Structure formats: C-alpha cells, structure tokens
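User: Got a model open here and I'd like to talk through its helix packing and its cores. Can we start with a pair of helices?

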Amino acid sequence: MNHTKSGSERETRKTKDHMKKEYRESHISSPLQKESPGHWKRWWVAATLIPFCLAFFLSWYFGAPGGYEPFSQVKVFLLFLQVGFVTAYFIRHHLKRAAVHLWLTIGFLWLLSLIVPYLASQTEVLLDMSDVSGELSTPLYLFVSCLSAAWILPGKARMIARIACVVLIILYILVQFTYIGYYVITHSLISINMLLALAQTNLAETMEYIEVNIPYAEIAAGVAALLILGWLIFKASRFSFNREQVSRKTWFGMLLLFFVNVGLCALSIGGTRLAHVYYETYETLHSFSDFQKMVNARRHMHIADRDIVRQLKAAPDGVYVLVIGESLTRDHMNVYGYSRKTTPFQTEAAADPHYVFFNHGYSCYTQTVQVLTEALTEKNQYNDMNLAEAYSIIDLAREAGFKTTWISNQSRFGVWDTPIGAIGSACDDQYWINSYVGTDVVTKDYDTALIPYLRKVDPNNRRQLIVVHLMGSHVSYWDRYPSEFYHWPRNPGNTRSTAEIMNDEYDNSVLFNDYVMENIMNEATNWLHADSVLYFSDHGEQVTERPGHNADQFDYTMVHIPFWIYTSDAYRASHPVEMKSMLERRNMPFSNDMLYDTFMGIMGLTAAHYDPTADIFSPRFDKDVTTLMTMYGNVMIRNDVEQLGSDQAFMDEQWNRQIADRARADGNRSFDWDNFHQIPISAQPMPEVENSGTSQEE
C-alpha cells in the first residue's frame, strides 16, 4: 500500500514539474509574450538611439572641427541598431541576465575605445570625427561580428566564435595597454616615430629598451591584468552567444549580416589611429626600399654626360674621412662647455689650428635612419627630392674615381635592410664588424675594434673616401665602454638616483668615444695623411631617468650634435676660401641634412648632384637661423632659445675666447701625438672580418 502511494506521489511530482517546465518555456522562450504591444520595440529604439547619441557627442567632443563625417556616423548607427536589436531580443525573451552581461561587455569595450581619444586630447594630437568614430566602433564591431557568427553556427560550434571573440578582444586590450604604457613613458601618443624605431630595432635592442624604461614588475602586472580581463570576457559571453536555432530564411539573413559586420569592422579598424600610423610607416619603409633598389642599381650605372664625368674626375686628389657618431649630444661634451671633462682629446684638439669646431650643429631628426638618409644623400629638408632618386656621397665619389671604404660597428641589416646599409654596401671595400647581422646588436665589441681596419686602407692611394660608422653612445650606455673608462661616479658607494646613474653611464660612454676619436685621428693623420676629416653625430640624446631620442618626446638636446672638421696643411693652403668660410661660420647654426652638399664641396665634387645653397662653406649658402629647421621641417631651430636666444652672441664669444686662450697657452701648436698613449683594453680579441666590398665581386 505504501509503495503504491509513493509511486503515485512520484507521478504527481513529475506531472507538476513538467507543467512548470512548459509554463517557464512558454514565458521565456516563446515569442508570444503577454507584454504590452511594442514593448520590445521600445527597448530596441532606446538601446539604439541613446548610445548612438552618446557616441555622436563623444565624436564631436574629442574630434577636431571640420565636418561631421556622415558615413562614419552611419557606420556607428548601424552598429547600435544591431546592439539595440540584440538587447530587445533578450528583453523580449526574458533573458535579462544575457542583456545585463551584453551591456557590461559593451560598456567595458567602450571605455577601452576612449583611451586613444583621451590621450590624443592630452598630447595635442588632432583626431577628426571620423577618427574618433573609428576608435569608438572598432571593439564593438569586433564583438558584434563574433556574436553574429555564433548565432549562425550550430550548437557546440558556437564555442569557436566565442573563443575567437575573446582572442580578438585580448589583442585589442593589448593595443590599448600599449597606448597607455607608451604615454606613461613618453607623454605622447603612438606615432610613426615609434613604429619606425621598432622597424629598425632587433630583439636585443628591444630588450635593452625595456630594461632601461619599463620595470619587469609593471610588465608582469600588465600581463596578469590582460589574462584576467580575457577570462572575465569569456565568462560573460556565455549568455550572449547562446540562442535557439532559427529558420532557414532567417539564417541566410544573419549570414549576410555577418559579412556586413566584418566589412564594417574592417572599415572601423582602418579608421583608427594605429591603422593610420601603420600606413604612414609602411609608405616610409617602402620609400626606403625603393632607395635601396636604386642604390644597388647605381653600382653598375654611371652618369651619362661625359662632360660632367670629366669635371668630376678633374676634382683634386685627396684622402677624406667621414666619421659618423651615434646618439652623442654636445650638451655632454666638455669641449662645448659641459662641466665634466668628458672630451680631453677634443678639448685639446679644438685649440689646434687644423681643427674647426662648430658650436651650433643640429641633426635633422632624432633617429638614425631618418637622419642619415638625408645627411648622406642630396635629399634634405629644404628640397622636394624623391629619396629613391637621390645620389649618395658614395655614388658621387665613385663617379669621380675615388676609392670608397666603409668601416662600421652598426648592423648592416635589421628587420628590414636599412638604407644606411645599402649606402655602405655600394663601397669598394667594406668591413662590417657586427658578426650578428640581422639578429643582434653588437654591444661587447667596442668601437676601438674599428681602428685596425683603417690600416687596411692604402695610404699611397691619394684619391680615397673612408666612412667610419660608430656605435657611439647608443643605449644601453654601460655596454658602450670597457671597464677602463668607468670614470663616474668618483665614489661608487654613494647612493644615486636612476637619473644620476644614467647620467654617469652616459658620460662614461662619451669619455670612451673621445678616446675612440683620438685613435681614429691618430690613424687618419699619421697613417693615411688625410686631407680632411669630418666628424658629426647622427643625433643627440636626452639623458634622464628614462633616456633616449624618441621623436615623440622631442627636446632640443636630442638634436644638439657635435660637428667639427680637421684639415691638413696642404688642404688649408690650397683652399683659402673654404677655410675662411669655416672660421667665419663656426658659430652659425647648421642642420646635418646639408652635410652631403657640404662634404661634396670640401671634396670639390661640385659638377653635378650638388646644391651650393646647402653647402655651409659656399658663398651661395642661403640658410640662416630664421629658416633652418629640424624634425623634417616640423620644428624651427630658432625656437631653441636656450642656445640661440638673446644670450647667443655672449655665449658664442665666451666659447670662442676659451678656445683662443687655450690655443695661446699651447703656443698655437698642433696636437702633440708624442703624448698620446694607447690604453690597453681587456676585451675579447675581434676576429678578422673579411672585405665584403664591391671590389671583391670583380
């Protein structure tokens, strides 16, 4: 009897449970709700118009004046039309949890999308309404595209779309974190300068930059935050990505909607700041690539005009040496007035009548490739020449019958073949001591390793051009000098701030660079008997707690460079006009993108591919402080009021007097090489590097 009763109760419970289930399904899953007519439509309208109006306001608020960009606003409206529909669908089917998680996700993505517009407003970068709408809509279109993909996939396959959504959003968050991190370090927005620097940087240099600028604890915190946010998005998306099967007709409509979303997503990504910067970087690198191809082609090409060739070859013989420094600002050189004695050789050489030091040299940019593609070619800030059509110093010297030699401690090839490597690769003789070309940056082979290769140049050939490219004071500074040149701090036991450490390390590298230049000049004057040696740095360096020469953190110290010339007795006697100009213009501002024409003038190669208005020693030189520029024409040199302000004449006179007093005290003597003593450096011996020049191909 009890068993019968118990079975009856179980049946009754099953029946009640089944009725409850049917009731719940009928009130949750059925489209026929007992809601007021149009209830879900009102939700659709509200969830579309309210966020769209907010997006329009944000586009107007963060965007620069200049029009409302109707298409971009239509794109945003279509986005929220879909978001509104999904919201209404969830509300209509009583899937309130799904609706809440949907808007939590949208709110989070929208906050992320405001990072670039906000940082742009803090860094005075102008974004128009189209740019802002691209930033606002990109993460939401990524989400909606994945959501529409999930709704057309069957059952378990929806997990693929869900995972894809999480991966894409994590990548998007990573980009935004990069924007934030870059702003914290540089107080600027990611630009073409950063991407070009990355294109020129290999893994080892990247690790050095991170070591100097970004604490590992911050990197670990960023990675942890990224993983946590990815997990939260994955958990929240489970409600939005599940829905019942639809009819065949509806399925095809949603498939079409998916492709529309993908297209609009691509358009939104194309409107972001990062996409614009990437495109500009690609175009710049493409122009570099064209230049490299042209340089390679010119190896076997010659100027067609025989009269011009005869004039070039009629230029006087001479041995000329061009030394290119790296990341050296004159603001840390004692010869230019810096308090620490970082340049004992150059300070003494400045009083030698064979040397002329220029007090206001500027680089045309703050990064190596951008500088040297103009400094070593006839393209500069003041002409509209296409880089691919520009002759280089090497091209013209070879046309004039000079034997050319390139000796470098820089990478010949990087992530992409650098234009500097292309210029050097056109030389007759080439010695690239970086044995890890393309994968590493030489940090343990100090610049003194270049000196022996000067002995490979035949001093009996009196028609030669030799280029020496140093590693100089490139970050990390402590890797640029041997222990024998650890000079600062005087008391290593004292507690120092990070900025003080960077300053000390940089000054040690400058001291070693001075020693390198002393060695180079010893070989140039006493072995090669050079007619002229010109030394300049590609760009300067801002030495702070987070040092560097990032164009997005521009400071004039980044473009303050040393610039000086040595001339032999024979050259001085045969070139009185040039020598007079050198002495008269030693205090004149000068940008190093005009070095090509100046050096061609020094060598006498003025028959073709030469502009006298860009040669600082030419009577036809037409630049002055009111017209000189840097940063590819975006910054006027005259605004460097600290060095070119109202006190310039007094400071220049004081500097000139110090050099003159030192010269008189020395009896106006030449540099005394009898007092020059080699300092033994306990470094690993450099293996012999073979000559890879074009002369070996013949």
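This is a predicted model: local features need pLDDT of at least 70, side-chain atom pairs count only at pLDDT 80 or more; totals for chains, interfaces and linings use all residues.

User: Which residues make the contact?

Analyst: On H5, Ile-115, Val-116, Leu-119 and Gln-122; on H7, Gln-176, Tyr-179, Ile-180 and Tyr-183. By class, that contact has six nonpolar residues, two polar ones and no charged ones.

User: OK, switching to the cores. Which residues touch the most other members in the largest nonpolar core?

Analyst: Leu-322 and Phe-599, out of 63 residues in that core. Helix H22 (residues 595-603) gives the most to this core, with six residues.

User: What does Phe-599 touch?

Analyst: Leaving aside residues up to four places away in sequence, Phe-599 touches Tyr-320, Val-321, Leu-322, Ile-393, Leu-465 and Leu-534. Apart from that core lies another one, of 56 residues, with Leu-127, Val-132, Tyr-141 and Tyr-179 among them.

User: And the whole protein: how many helices and strands?

Analyst: The protein has 24 helices and twelve strands. Of its 698 residues, 53% count as buried.

User: What share of contacts join residues at least 24 apart?

Analyst: 80%, among contacts between residues at least 6 apart in sequence.

Methods
Residues are numbered from 1 along each chain as its sequence is written. Side-chain values use heavy atoms; hydrogens and water are left out. A nonpolar core is a set of buried Ala, Val, Leu, Ile, Met, Phe, Trp, Tyr and Cys residues joined through side-chain atoms within 4.5 Å. Buried means under 20% relative accessible area, exposed over 50%, partly exposed in between (1.4 Å probe, protein chains only). Helices (H or I, at least four residues) and strands (E, at least two) are DSSP runs, numbered from the N terminus. Contact means heavy atoms within 4.5 Å. Ala, Val, Leu, Ile, Met, Phe, Trp, Tyr, Cys and Pro count as nonpolar, Asp, Glu, Lys and Arg as charged, and the others, Gly among them, as polar.
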